[in-house]
Amino acid sequence: MRWFRKGRWRRSSSIAFELIQAFWGDENGDLSVPGERPSSQSALRKKKKLSGWKESAIKSFFFANGMLAVIVLIGIFGILLATAIPAFREIPLAEFAKKTWDPTSPEKPVYGLLSMIASTLMVTMGALVIAIPVGLGVAAYLSDVAHWRIREVVKPIVEILAGIPSVVTGFLGIVLFGPIIAQIFHTGNGLNAVNGSFLLAIMALPTIISLSEDSLNAVPSAYAEASLALGGSRWQTLVRVKIPAALSGIIASIMLGMGRAIGETMTVLMVTGNARSFPHGFLDSVRTMTANIAIELGEVPYYTTHYYALFAVGLILFIMTFIVNLIADVILNKYQQREL
Amino acid sequence: MKRKKIIQFIGFLFLRGCLYTVLAILLILLYDIGKNGGGAISWEFISQPPRRGMTEGGIFPAIMGTFIVTIVTAVLAIPLGMFAAIYLNEYAKQSRLTRLIRLSIRNLSGVPSIVYGLFGVILFVNILKFGTSILSAGLTLGLLTLPWTITSSEEALKTIPNSYREGALALGATKWQAIRTNVLPYAIPGMLTGTVLGLARAAGETAPILFTGAAFYLPFLPRSLSDQFMALPYHLYIMATQHHAIQQVRPLAYGTALVLIVLVLGMNMTAVVIRYRLRRKRRW
């Protein structure tokens, strides 16, 4: 592109054109008209050339920084993959499908991922069962029922909820909600999947609330007005018109909340009890993929099969959240492009 | 007709109930921490290192550790986030590449924090040989906050009206001159406040520093960037689950939680208040 632009600088006949080009950049190549070259301005042209070079250097610098996000994302994937590959080489693939994860067994280590994956999915689903109705309810209340003053107050409060560090939530899960859950369900200490689901629901709520509310607000008022004019009540309008119209945004918000729940580490590590067995119900103690990495990576010797296997778990985790986020992204993009 | 009204009444009642539930949960959370943590807070707790196997004393090294590591995070994340935002808002055109960059940023913000930890272990601790240190942990957290700093810096740049850029360009400034003199001076306060929000999140993170530098217990403050450090969130995790006398140290854990939450929410609110002020003050 550079030689092309240089040619344009030379061809441009007046300062005005140069300015227009400076503003529009290279996308409007057809702006430059062939004209006589101003011979008296060679000094100025030299200066322009120099500053043109400087400008493109600056632009490249910012471009490199802009690319950083792509590089980091690919870097994370690449490093996880490179470190996990020995695990896939040393452990037969069929073994990953087993239920038992016992890498420190003195006789024969077993690297079954099934219990972990099932635990992660179970805790996540439990969280969504709580967070979807409540989050959607709050979003609908804020967008449709609440006075705007209430909305102005509640929105920052929901942001506070999002700002609480996960380790604090986990701590409260142990000291506050654990005993309550133990009492309700008559279990030992309340450190189980229910507790994890409950706390993850709290953590997923801000995402679901704010994004769902945005998409409910984005529904054109003509939709609601038409429904009301036909004699529908506000509730009917909300449930049968506005929510269906905002559904893509709502689903995207749920996917993002789900991604957050799958990847959350400290909270589940602290409150789910971390038993390695396959979960059979929500009152069982479970150990999710994230918790398993957090527990074992600190103790494992470097560059052993176990170490590589933990990175394989990390890789699977990364791919799971990547797919969930990608789906949310695709839905949101479609929704934004839709004509309203 | 009547039935419709009743259904609507019940429906709205349910929505209101959802809101009150969420508010109640938040209140309970904050109240419990405030009540139980308030009792543990004293000057000694803030200014002294832990003593007697962490059953007594304070959390001073943890506060300092979190403070220092957050500065390292800021040093990495603020400039990189700003530069990337400048590219995206000022230079980038609607192209496939730009879409790819934006997609990456959105996806990075969804990558689990423990995965950043794994990445940090390999890249900073092993490949670059920084060891488990403040530097490794700070850089890992810096990458973690990058999507936030980019997004919020771009938000700040977007608020600068186009006429500012056009004015400079019309007077003969080059693109970079226009950005430097007419965009950045007005955008930087907003960019910084947005970045503080990302830093607050980093300060509260535990999973990424578990294996990149946080230490169980250190009686001294770190002396260089290649030392390990104590951090508030990790300290709370230890006090809540790993300590040998968990019931005995509960008050200390509550105190740590309170300090952490005050720190993080304090940073959050400062940023939000400043941003609000900035918005109100400026009429374009």
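**Entry 1. Helices α6 and α8 of chain A**

I looked up helix α6 (residues 148-163) of chain A and helix α8 (residues 193-218) of chain A, and found that their axes come within 8 Å and cross at roughly 145°. The model is a predicted one. I noted the crossing of α6(A) and α8(A) as left-handed.

I then listed the residues that meet. On the side of α6(A) they are R151(A), K155(A), V158(A), L161(A) and A162(A). On the side of α8(A) they are I202(A), P206(A), I209(A), E213(A), D214(A) and N217(A). Sorted by type, the residues of this contact between α6(A) and α8(A) give six nonpolar, one polar and four charged.

**Entry 2. A helix pair across the two chains**

I turned to helix α5 (residues 114-145) of chain A and helix α1 (residues 2-38) of chain B. Their axes come within 8 Å and cross at roughly 110°. An angle from 65 to 115 degrees counts as roughly perpendicular, and α5(A) and α1(B) are therefore recorded as roughly perpendicular to each other. The crossing of α5(A) and α1(B) is left-handed.

Which residues of α5(A) meet α1(B)? I found P133(A), V134(A), G137(A), V138(A), A140(A), Y141(A) and V145(A). Their counterparts in α1(B) are F12(B), F14(B), L15(B), R16(B), C18(B), L19(B) and V22(B). The contact of α5(A) with α1(B) divides into twelve nonpolar residues, one polar and one charged.

I placed A69(A) in helix α3 (residues 42-90) of chain A.

**Entry 3. N292(A)**

I located N292(A) in helix α13 (residues 289-296) of chain A. Its relative accessibility is 0%, and N292(A) therefore counts as buried. Beyond its neighbours within four places in sequence, N292(A) is in contact with W101(A), M116(A), R287(A) and L310(A).

**Entry 4. E90(B)**

I found E90(B) in helix α3 (residues 60-91) of chain B. The cut-off for buried is under 20% relative accessible area; E90(B) has 9% relative accessibility and so counts as buried.

I next checked the surroundings of E90(B). Its side chain makes a polar contact with the side chain of N89(B), at 3.3 Å. Not counting residues up to four places away in sequence, E90(B) touches A85(B), L157(B), R165(B), K175(B), I179(B) and V183(B).

**Entry 5. Positive phi values**

Y303(A) is not a glycine, yet its phi is positive, about 55°. I traced Y303(A) to the loop between α13 and α14 (305-337) of chain A.

K129(B), a residue other than glycine, also carries a positive phi, near 60°. I placed K129(B) in the loop between α5 (113-127) and α6 (134-158) of chain B. The relative accessible area of K129(B) is 67%, so I recorded K129(B) as exposed.

**Entry 6. Chain A as a whole**

I counted 14 helices and two strands in chain A. Chain A has 340 residues, and 50% of them are buried. For the contacts in chain A with a separation of 6 or more, I noted that residues 24 or more positions apart account for 68%.

**Entry 7. Chain B as a whole**

How many helices and strands does chain B have? I recorded ten helices and two strands. Along the sequence, chain B follows the pattern α-α-β-β-α-α-α-α-α-α-α-α. I took the spans of its C-alpha trace along the principal axes, which come to about 70 × 70 × 35 Å.

Chain B has 284 residues, of which 54% are buried. Of the contacts in chain B between residues at least 6 apart in sequence, 74% join residues at least 24 apart.

Conventions. Residues numbered from 1 in each chain as written. Chains lettered and ligands numbered in written order. Predicted model: local features only at pLDDT ≥ 70, side-chain atom pairs only at ≥ 80, totals over all residues. Heavy atoms only, no water. Axes fitted to C-alpha atoms, helices over the stretch in contact; angles between N-to-C directions. Helix = DSSP H or I, 4+ residues; strand = E, 2+ residues; numbered from the N terminus. Parallel < 35°, antiparallel > 145°, perpendicular 65-115°, else oblique. Left-handed = near helix turned anticlockwise from the far one by under 90°. Contact = heavy atoms within 4.5 Å. Nonpolar A, V, L, I, M, F, W, Y, C, P; charged D, E, K, R; others polar. Buried < 20%, exposed > 50% of the residue type's maximum accessible area, 1.4 Å probe, protein only. Polar contact = N/O pair within 3.5 Å; in protein donor to acceptor, adjacent residues only side chain to side chain.
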